[in-house]
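Here's a quick briefing to read with the model open beside you. Take a look at the fold, then work through the points below.

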Amino acid sequence: MRTCWIGFAALVTVGAASGAEITATIVSTGPGNPFAAKIIAQSLLKAAGIKLDWREPACLRIQLSELTPEDLRPGALGVSYPYSGCSKPITIYMDRVRARARTSAHEPVLLGYVIAHEVTHVIQSVDRHSATGIMKANWSIRDYDSIYKKRLQFEPEDLLLIRHGLASRSNQEALAIRSDREHVPPKRIRSGYSEQTLWSSQPNF
Ligand SMILES: [Zn+2]
């Protein structure tokens with residue numbers, strides 16, 4: 001697991017982070033409607049103090065790709081760019097999410113969690129994973145069980161990193177975050193570059 005810590009512009013309280021709003025849109029050429037997954041991702045991020053607003057025009061684009069080549073980040077369910085703000089889209093390998101879901105009814109739940117995971121990388125703007133919870137790099141069979149019951153949560157450290165990411169002025173600009181405190185129009189993004197992938201584990205089901 002790679003871990004990369006970067007400096008934050010400021011520390012904030014829980015109250016200051018509340019009300020942050022990020023606009024996002026899903027681009028999909030595959031079958032199905034991701035409506036239920038959008039609601040689940042919204043709910044997960046709301047619990048972390050983020051209002052994920054699905055509308056156009058959007059800052060953050062999420063592409064649901066199909067026909068993923070086997071040799072493209074083998075096993076990964078998605079990829080995001082923690083230091084790129086809205087300048088690079090998140091890609092979710094929808095065919096792999098579909099294959100990983102235990103049943104078709106579980107598919108939107110799993111997609112919602114993958115969206116929340118990748119969006120959180122961008123909001124946190126750090127190159128890291130957690131040992132447990134939504135931001136774990138490799139979900140276990142038990143984690144998948146929790147996902148399908150909608151019980152898997154962010155661990156406290158991730159909530160703190162989300163607050164730090166929301167408080168960072170440069171990240172606010174990169175993500176065009178609107179909050180109760182101030183509105184900062186997008187001007188520039190972080191110069192750093194990194195890529196984060198969510199790798200699926202290999203449960204025996
Ligand atoms: Zn990840």
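Where is the place of Gly49? Gly49 sits in the loop between H2 and E2; helices (H or I, at least four residues) and strands (E, at least two) here are DSSP runs, numbered from the N terminus. Before going further, note that this is a predicted model, where local features need pLDDT of at least 70 and side-chain atom pairs count only at pLDDT 80 or more, while totals for chains, interfaces and linings use all residues. Residues are numbered from 1 along each chain as its sequence is written.

**The whole chain**

- The protein chain has 7 helices and 7 strands, and along the sequence they follow the pattern α-β-α-β-β-β-β-α-α-β-α-α-α-β.
- Of the 205 residues in the protein chain, 41% are buried. Buried means that 20 or more other C-beta atoms lie within 10 Å of the residue's own, exposed means 12 or fewer, and partly exposed is in between, with C-beta atoms placed from the backbone.
- Take the contacts in the protein chain between residues at least 6 apart in sequence: 77% of them join residues at least 24 apart. A contact here needs C-beta atoms, placed from the backbone, within 7 Å.

- H2 covers residues 35–46, and its 12 residues should span 16 Å at 1.5 Å a residue, which agrees with the 16 Å between its end C-alpha atoms. The expected span is 1.5 Å times one less than the number of residues.
- Its buried residues are Ala37, Lys38, Ile40, Ala41, Leu44 and Leu45. They lie on the same side of H2, because they cover an arc of only 165° around the axis; that arc is taken over the directions from the helix axis to the C-beta atoms.
- On the face of H2 turned away from the buried side you'll find the exposed residues Phe35 and Lys46.
- The cover over the buried residues of H2 includes strand E1 (20–28), strand E2 (50–54) and helix H4 (107–124).
- Back to Gly49: it counts as partly exposed because it has 19 C-beta neighbours inside 10 Å. Gly49 and Ile162 are 113 residues apart along the chain, yet their C-alpha atoms are separated by 8.4 Å.

**Strand pairing around E1**

- E1 and E2 run parallel and are joined by 5 bridges; strands pair if DSSP finds at least two bridges between them. Ala24 stands opposite Trp54 in E2.
- Going from E1 through H2 to E2, the chain makes a right-handed β-α-β crossover. Right-handed means that, with the strands pointing away from the viewer, the path from the first strand over the helix to the second runs clockwise.
- E1 also pairs with strand E3 (residues 60–65), in the parallel sense over 5 bridges. There, Val27 stands opposite Gln63 in E3.

- In soluble globular proteins, nonpolar side chains tend to be buried together.
- The largest nonpolar core has 48 residues, and Ile92 and Val119 touch the most other members. H4 supplies the largest share of this core, with 10 residues. A nonpolar core is a set of buried Ala, Val, Leu, Ile, Met, Phe, Trp, Tyr and Cys residues joined through C-beta atoms within 7 Å.
- Setting aside neighbours within four places in sequence, Ile92 has contacts that include Ile62, Leu64, Leu77, Val97, Val114 and Ile115.
- H4 is mostly covered, with 18 of its 18 residues buried. From first C-alpha to last, H4 reaches 26 Å, close to the 26 Å expected.

- Most residues other than glycine have a negative phi, and most peptide bonds are trans.
- The peptide bond from Glu56 to Pro57 is cis, with omega near -5°, and Pro57 lies in the loop between E2 and E3.
- Arg73 is not a glycine but has a positive phi of about 40°. Its place is the loop between E3 and strand E4 (76–80), and Arg73 counts as partly exposed because it has 17 C-beta neighbours inside 10 Å.
- Lys150 has a positive phi too, near 60°, in the loop between helix H5 (141–148) and helix H6 (156–167).
- Ser125 follows H4 and has a positive phi near 55°. With 27 C-beta neighbours inside 10 Å, Ser125 counts as buried, and its C-alpha lies 7.7 Å from that of Gly85, 40 residues apart in sequence.

Technical notes. Contact = placed C-beta atoms within 7 Å.
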